[in-house]
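Me: I would like to learn how to read a few local features in a protein model. Please take them one at a time.

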Amino acid sequence: MDFTERNDFVLSETPKQKVDCFHCGTACLTKDFTFDGRSFCCDGCKLVYEILNNNGLCDYYNIQQHPGLAQIKSIRNGKYGYLDENAISQKLFKFSDGKNAIVTLYVPGVHCSSCMWLLENLHRINTSIIDSRLNFSAKEVTIHFQQDKVSLRSVVELLTTIGYEPYISLDDSGNSKPPKFSKQKIYKLGVAGFCFGNIMMMSFPEYLAYHGTIEHQYVGLFRILNLILSIPVFFYSASEFFVSAWAGLKQKMLNIDAPIVLALIITYSRSIYEIFSGLGGGYLDSMSGIVFFMLVGRVVQERAYKSLSFHRDYKSYFPIAVSVVTSEGVVSKLLADLNAKDVVLVHHEEIVPADAILLKGNARIDYSFVTGETEPVHVSEGAMLYAGGKQNGEQITIQITKPVAGSYLTSLWNHRAFKTDKASKNIRESVVHSLSSYFTYILLALAVVTALYWALHDPSKILPSVSAMLIVACPCALLLAATYTNSNLLRIFSNNGLFMRDATVIEQFSKINHIIFDKTGTLTQGVALVQNSGIPMSLDECNWVYNIVKSSKHPYSRAMAENLGVQKAQKVENWQEVVANGVSGTVAGNEIRIGNIQFIGAVEGQHHSNFYVRINDKIYGFSVLPQLREGASATISSLQQQYKLSLLSGDNDKQRKALQSYFTDDRTLLFNQQPADKLTYVERCQKEGDSILMLGDGLNDAGALQQSNVGITLADDINNFTPGCDAILDAKRLAVLSSLCKLARSSGRMINFAFVVSILYNLIGLTISVQAKMSPMIAAILMPLSTLSIVLISTGLSAFVAKRFGLKV
């Protein structure tokens with residue numbers, strides 16, 4: 001078997017002692033980092049504690065246990081040097097007058113109340129910071145600082161040092177920003193809620209008072225007050241629906257807001273007529289209630305997903321600036337200003353900004369996020385490098401051959417799949433949109449027939465019957481059936497780690513019959529080390545190896561240290577790490593080298609391993625195998641019973657044999673797939689009639705995610721960079737994907753049931769209205785009851801079905 005499930009292998013029988021880092025909670029692989037009687041996993045976490053302790057900020061640890069989200073990573077000296085360039089920093093400032101400046105930075109590491117407390121007390125660490133405020137839902141910190149005393153670079157480096165490194169990308173340098181949540185909706189909701197409550201209160205005399213009582217004497221006054229209160233509801237709060245309906249009409253399309261607007265106009269007009277003619281109080285309470293409840297649904301959904309981005313492209317992945325070599329030395333330059341023939345320095349773990357030629361250095365490029373290939377590519381001087389690859393190793397010098405806009409990676413976004421507005425397309429194809437169109441036509445036809453009937457038999461009943469029909473048969477109950485059911489489903493999906501862009505995705509999700517997986521980073525995460533040559537290491541040898549690898553940050557070294565467990569510390573002499581090659585040192589007089597075959601010295605017959613440990617003259621070979629994510633195998637097995645399954649991987653086919661045990665049809669296991677190949681495969685399956693769900697994680701999946709009917713990005717941190725998609729799935733919840741698919745399939749039946757209830761209500765209301773027997777009292781009772789019944793049915797039914805599939809409600 002070439003795959004291993006997480007934690008299913010051992011290198012020795014040494015007992016593992018688990019000690020958690022006081023700062024971030026990560027298991028400590030060594031006892032070397034202690035301070036003030038507390039243990040830390042690395043020098044970075046220890047440094048953060050020392051800074052907070054020296055500034056009297058250790059209350060940070062009292063608010064929540066282990067508040068640090070992740071292990072502190074060391075940063076390259078000068079990494080943020082480009083922020084000293086005025087042209088670059090000015091693009092990030094919200095305000096700057098040379099003395100004071102305000103900047104808003106996206107900090108993905110924010111996750112709890114401790115984070116908020118610390119980030120709003122930055123002035124206690126650096127007195128040149130005047131004020132800092134955190135928008136927790138958006139994960140954005142706004143910092144007001146004295147620009148003449150502290151630089152933007154120093155502020156960013158401070159945030160990074162204490163574990164809240166800002167995410168600064170090319171996207172931040174553009175003039176266009178993602179749309180912010182409009183406070184106008186909150187104002188409209190507040191106005192509608194205030195007026196609705198007061199109109200309902202002043203409508204009681206209309207319905208409950210008897211002739212001759214004091215309440216009845218004030219009916220006329222309350223009618224006028226209700227009319228006054230309804231003016232801002234109709235002309236201000238309801239403007240959302242008028243604008244949407246008008247936009248649909250301009251495109252020769254009746255959207256769901258069109259019949260709502262028609263009902264609002266008829267209700268308001270009929271109410272004004274009844275009030276001034278003395279016939280009654282109208283339907284102002286129902287009209288304002290409709291507007292209020294509809295706004296509540298829209299505001300809640302928009303607020304809930306404000307901090308997630310479903311529309312990211314390569315600009316969110318690329319750095320804002322790079323180091324360019326000029327005749328005057330190395331200068332920082334905006335990526336957008338990069339030209340062909342510019343010479344650029346790329347450091348360890350930095351992105352290759354554009355297609356280029358390697359001039360100098362040992363390039364070891366990781367293209368996994370672009371192509372899906374997990375093995376780093378060794379590139380010789382004079383060879384091509386492609387935008388989006390990440391350098392692992394020493395600093396390299398490259399010469400740009402194409403600007404960013406002309407690179408291979410950005411050419412992916414020129415495909416027609418990225419020019420399609422999936423959200424608008426989903427709305428046009430949605431059941432609710434179709435029903436709203438038919439509903440409007442049928443309702444108008446019935447109104448005409450009713451008017452003709454009464455014109456022949458009793459013309460005085462034309463206006464009461466037709467207007468009552470248009471009011472009572474308002475499509476709000478129909479719309480609320482879908483809106484509240486989808487809102488509950490969105491809530492349940494998010495509670496289980498799946499965050500959808502909007503409700504239209506649910507309907508597309510319910511139609512899926514073919515699921516396509518990416519491999520690297522989606523089904524697999526991290527690596528496992530399996531010894532495949534040499535006799536097992538002794539306990540002493542395990543201890544020596546542990547003391548060498550415990551200080552290394554390389555994933556292979558950390559995997560080795562994690563599985564050896566915390567062991568007795570010994571003095572290490574001549575410790576040295578050569579980036580991208582290996583680590584070496586001497587323990588108890590034994591020379592130890594750990595790394596690739598070139599690093600430990602070429603040995604005959606050892607080329608079948610890809611990771612080696614050399615202790616004096618003994619050599620142990622290890623295979624580095626990708627680990628399946630926890631629960632991945634069970635998820636695949638469960639999904640096979642309901643869906644067609646395919647796997648598209650940019651990686652080589654070394655794991656084909658292992659994957660065949662999970663995917664029954666070997667023809668659906670495709671390796672060495674370029675991004676364009678993945679997109680083409682999705683298109684071909686769609687032409688064959690399949691409805692596709694694509695599950696991926698990198699830029700190499702972006703085209704397939706966009707082309708698929710539903711594109712889901714798997715993210716270890718839902719707030720970090722993810723390609724454009726329809727939904728984001730928390731990687732820790734991959735095990736519940738099968739249950740989420742079952743819930744999505746059931747969503748259609750739940751909505752249909754709610755539709756039946758709302759249609760029955762409309763039929764009852766129409767039956768009474770056609771006979772011109774609908775009184776204000778009956779209308780006032782029926783409309784709120786229909787809304788309440790839909791809310792209760794959708795909430796209860798969605799919760800019942802979710803629990804049935806083992807999901808959190």
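**Reading the features**

Reply: N672 has a relative accessible area of 46% and is therefore partly exposed; buried means under 20%, exposed over 50% and partly exposed in between, with a 1.4 Å probe and protein chains only. This is a predicted model, in which local features need pLDDT of at least 70, side-chain atom pairs count only at pLDDT 80 or more, and totals for chains, interfaces and linings use all residues. Residues are numbered from 1 along each chain as its sequence is written, and side-chain values use heavy atoms, with hydrogens and water left out.

Me: Where is N672 placed, and what is its phi?

Reply: N672 is in the loop between β26 (669–670) and α23 (675–687). Helices (H or I, at least four residues) and strands (E, at least two) are DSSP runs, numbered from the N terminus. The phi of N672 is positive, near 55°, in a residue other than glycine. A588, also not a glycine, has a positive phi of about 55°. A588 sits in the loop between β21 (582–587) and β22 (590–595), and its relative accessibility of 53% makes it exposed.

Me: What is the strand order in the open sheet of four strands?

Reply: Two strands pair if DSSP finds at least two bridges between them. In the open sheet the order is β4-β5-β7-β6, and the pairing is antiparallel. Because β4 (93–96) and β6 (129–135) are at the edges with a single partner strand each, one side of each has no neighbour in the sheet. From one strand to the next the twist averages 10°; axes are lines fitted to C-alpha atoms, for helices over the stretch in contact, and angles run from 0 to 180 degrees between N-to-C directions. Three bridges join β4 to β5 (residues 100–106), and F95 has I102 in β5 as its bridge partner.

Me: How is a pair of aromatic rings described?

Reply: By the distance of the centres and the angle of the planes. Rings of Phe, Tyr and Trp (its six-membered ring) pair if their centres lie within 6.5 Å; planes under 30 degrees apart count as stacked, over 60 as edge-to-face and the rest as tilted. The count here comes to 19 aromatic pairs. Y556 and F611 are edge-to-face, because their ring centres are 5.5 Å apart and their planes are at 90°.

Reply: F611 is buried, at 4% relative accessible area.
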